[in-house]
Amino acid sequence: MTLHKLLVPITLMALLLFLISLGWGMIIILEKSATTLLVSTEEVRSLVSNSNWSEAEKAFQKVEVKWSHTREYWPLLIHHQEIDRIEECFGKIKSYLAHQDSSNTLAEIYVLISYIQHIPENKRLNLQNIF
Amino acid sequence: MIVFFRTLILFALVVIVMRLMGKRQIGELQPFELVVAIMISELAALPITDTEIPLLDGIIPILTLLFAQVGLAYLSLKSNRARAIICGRPSILIEKGRIIESELRRLRINLNDLLEQLRVKNFANIAEIDYAILETNGQMSVIPKDSCRPLITKDLDLNPPGPGLPLSIILDGKVITHNLKIFNLTENDLLLRLQKQGINNLQDVFFASMDHTNDLYWQKKEGV
């Protein structure tokens, strides 16, 4: 009888917990995957800055592999346009790397970094994002 | 194809959510319930039409609204003060036959609106009304003066038997067994009664109901 009376508040609390943990989980997953991508992309950037093209290409291939894993679940969490923008960036960087065009490669890597950084920032719970 | 599946998923979710919100959600709405209904329809429509939006961006807000709606409804059920804040209080527009002008002004209801609402309630003459109350769900309740209210059996010192609740026992040829049990009847008993009236198969009956006096009303299927 008591349990029956408490059914609504218990269910509501469970729903609230589910929603909070879902939201929180989304932020954590995005932060982790974005950090992994950013660290590897930074590595590519420093190699390109030092004109170490062969190593840069290898490092970029590793970033691409990481991205292909991330790309599997990011569409569930973020607007698909953001993923398209990152994909476009990857295409450009690959081409610039092949032509060893340092200024364009660096410019595009910075764009990629800002896109990746933007994603968890956009989902973070703060006043700017709420309003 | 994506839109097809997204539509099905969100439709199922909205139906479940509306069911969980209760029957009131589709009937007479409190202000906060109306807001929730409008928001849910909009939230479900966005990810259906724009496939670039992740489905979760539609599902999470809908579940959040379910939480808020059920939470507020529960709170207003448990506390009078919360009910007054969330749903408001009923407003008396006519009290003891006198129109309360200040209340009409406060609610921005003009006399034409009031008279229209009264006519909808079958009161063409305002002089017949003792009380008119605007309920929190926007419906108007009207209490007529004693001299104008309809005659009831109590006025005539009559004590007729209650009408009871007639229950459906056959719907489109299918016997509703749980209703039949209420009358302590089996399908055989029912068939025997119907056989006396020329029906040999229960499946030939389109509709049958029984009242508390065990009176049977039935209608045969067309073309049988």
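Author: Leu3(A) is exposed, with a relative accessible area of 63%; exposed means over 50%, buried under 20%, and partly exposed in between, using a 1.4 Å probe and protein chains only. The model is predicted, so local features need pLDDT of at least 70 and side-chain atom pairs count only at pLDDT 80 or more, while totals for chains, interfaces and linings use all residues. Residues are numbered from 1 along each chain as its sequence is written, chains are lettered from A and ligands numbered from 1 in the order in which they are written, and side-chain values use heavy atoms, leaving out hydrogens and water.

Leu3(A) belongs to helix 1 (residues 2-5) of chain A. Helices here are DSSP runs of H or I with at least four residues, strands are runs of E with at least two, and both are numbered from the N terminus. Between the C-alpha atoms of Leu3(A) and His79(A), 76 residues apart along the chain, the separation is 41 Å.

Chain A as a whole contains six helices and zero strands, in the order α-α-α-α-α-α from the N terminus on. Its radius of gyration is 20 Å, well over the 14 Å from the globule rule for 131 residues, so chain A is more spread out than a compact globule. That radius is taken over C-alpha atoms, and the rule is 2.2 Å times the number of residues to the power 0.38. The C-alpha trace of chain A spans about 75 × 30 × 20 Å along its principal axes. Of the 131 residues in chain A, 32% are buried. Among contacts in chain A with a separation of 6 or more, 67% join residues 24 or more positions apart; a contact means heavy atoms within 4.5 Å.

The part to look at closely is the packing between the two chains. Helix 2 (residues 7-49) of chain A and helix 3 (residues 56-78) of chain B have axes that come within 10 Å and cross at roughly 150 degrees. These axes are lines fitted to C-alpha atoms, for helices over the stretch in contact, and the angles run from 0 to 180 degrees between N-to-C directions. The crossing angle makes helix 2 of chain A roughly antiparallel to helix 3 of chain B. Angles over 145 degrees count as roughly antiparallel, under 35 as roughly parallel, 65 to 115 as roughly perpendicular, and the rest as oblique. The crossing of these two helices is left-handed, meaning that the near helix is turned anticlockwise from the far one by less than a right angle, where clockwise would be right-handed.

On the chain A side, the residues in contact include Leu12(A), Leu15(A), Phe18(A) and Met26(A). Their counterparts in helix 3 of chain B include Leu56(B), Ile60(B), Phe67(B), Gly71(B) and Tyr74(B). By class, this contact has 16 nonpolar, two polar and no charged residues. Ala, Val, Leu, Ile, Met, Phe, Trp, Tyr, Cys and Pro count as nonpolar, Asp, Glu, Lys and Arg as charged, and the others, Gly among them, as polar.

Helix 3 of chain B also packs within its own chain. Its axis and that of helix 2 (residues 31-49) of chain B come within 9 Å and cross at roughly 170 degrees. Helix 2 and helix 3 of chain B are therefore roughly antiparallel to each other. The contact has twelve nonpolar, two polar and one charged residues.

Ser76(B) is another residue of helix 3 of chain B, and at 8% relative accessibility Ser76(B) counts as buried. Leaving aside residues up to four places away in sequence, Ser76(B) touches Ala82(B), Arg83(B), Ile86(B) and Cys87(B).

Chain B has eight helices and eight strands. Along the principal axes, its C-alpha atoms fill a box of roughly 65 × 65 × 35 Å. Buried residues are 32% of its 224 residues.
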